[in-house]
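Here is a quick briefing to read with the model open beside you.

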Amino acid sequence: MLTAAPPGFQDSRHTATVESQPSDVIETRLWLEEHVWLYGVLKSDHNVGPIFRFPDLISACVSLIFSGPEAARQVFGFLGTELVTRSPNTPRRREAMWRPQYDLLLELQRSPANRHPNPKFQLDHLTTACVALCQQADETGASVLQQARINMAQRFRPEHATQTR
């Protein structure tokens, strides 16, 4: 995420760099029930070397769901049958995810399945659906942790290739 400079700090080189590059992580919200489960995965004895944080875990959930051919059907199926029955005032926690996974959700949010005459779901709904579907598929969170490793390796590959030239 972007960091703020101290009041009165003006460095045109810093400002130009920040404005010309999109942030690597994007803020999202996660419904409380799924946040509690993901927090359990975060604190799990299996989350070691490295210890993955929420942006890694949320992004891993999104990647896992989108790795299958029926991602949109799965997500909208969950939203239309399970999330829609919850109170719309359910508390949400502010978290973040990595940009590549956000882009997947943004594409889904802009899809015809999320347009009139269908209900319009927001980013927090889509994020929560991915986490909930991962929880349903693997309560232990082992697959989420494994996918977090894969995502991390993919994030570092382009940077590593540039540094070795």
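Predicted model: local features only at pLDDT ≥ 70, side-chain atom pairs only at ≥ 80, totals over all residues.

Helices (H or I, at least four residues) and strands (E, at least two) are DSSP runs, numbered from the N terminus. Residues are numbered from 1 along each chain as its sequence is written, and side-chain values use heavy atoms, with hydrogens and water left out.

**Overall layout**

- The chain has seven helices and two strands, and along the sequence they come in the order α-β-α-α-α-β-α-α-α.
- Of its 165 residues, 41% count as buried; buried means under 20% relative accessible area, exposed means over 50%, and partly exposed is in between (1.4 Å probe, protein chains only).
- Take the contacts (heavy atoms within 4.5 Å) between residues at least 6 apart in sequence: 82% of them join residues at least 24 apart.

**The nonpolar core**

- A nonpolar core here is a set of buried Ala, Val, Leu, Ile, Met, Phe, Trp, Tyr and Cys residues joined through side-chain atoms within 4.5 Å.
- The largest one has 38 residues, and W37, L38, L57, V75, L79 and L126 touch the most other members.
- Two or more residues each come from β1 (25-31), α2 (32-42), α3 (54-66), α4 (71-81), α5, α6 and α7 (142-163).
- Helix α6 gives the largest share of this core, eight residues.
- What does W37 touch, leaving aside neighbours within four places in sequence? W37 is in contact with C61, V131, C134, Q135, D138, E139, G141 and V144.

**How α5 meets α6**

- Two packed helices are described by the angle between their axes and the distance between the axes.
- For α5 (residues 99-109) and α6 (residues 123-137), the angle is about 120° and the axes are 10 Å apart; axes are lines fitted to C-alpha atoms, for helices over the stretch in contact, and angles run from 0 to 180 degrees between N-to-C directions.
- On the α5 side the contact is made by Y102, L105, L108 and Q109, and on the α6 side by L123, L126, T127 and C130.
- Those residues split into six nonpolar, two polar and no charged. For this count Ala, Val, Leu, Ile, Met, Phe, Trp, Tyr, Cys and Pro are nonpolar, Asp, Glu, Lys and Arg are charged, and the others, Gly among them, are polar.

**Cysteines**

- How many disulfides does the structure hold? It holds zero, with a disulfide being a pair of cysteine sulfur atoms within 2.5 Å.
- The closest cysteine sulfur to that of C61 is in C134, 3.9 Å away, so it is too far for a bond.
- C61 is buried, with a relative accessible area of 0%, and C134 is buried too, at 5%.

**Cis peptide bonds**

- The bond from G49 to P50 is cis, with omega near 0°, and P50 lies in the loop between α2 and α3.
- The bond from H116 to P117 is also cis, with omega near 10°; P117 sits in the loop between α5 and α6.

**Residues to click on**

- E95 is in strand β2 (residues 92-98). Is E95 buried or exposed? E95 is buried, with a relative accessible area of 16%.
- Not counting residues up to four places away in sequence, E95 touches I26, E27, T28, H35, F54 and I58. The C-alpha atoms of E95 and H35 are separated by 9.2 Å, though the two are 60 residues apart along the chain.
- V36, in helix α2, is exposed, with a relative accessible area of 53%. Its C-alpha is 9.7 Å from that of R93, 57 residues away along the chain.
- A113, in the loop between α5 and α6, is partly exposed at 34% relative accessible area. Leaving out residues up to four places away in sequence, A113 touches F76, N118 and P119.
- T140 is exposed, with a relative accessible area of 54%. T140 and L38 are 10.0 Å apart, C-alpha to C-alpha, and 102 residues apart in sequence.
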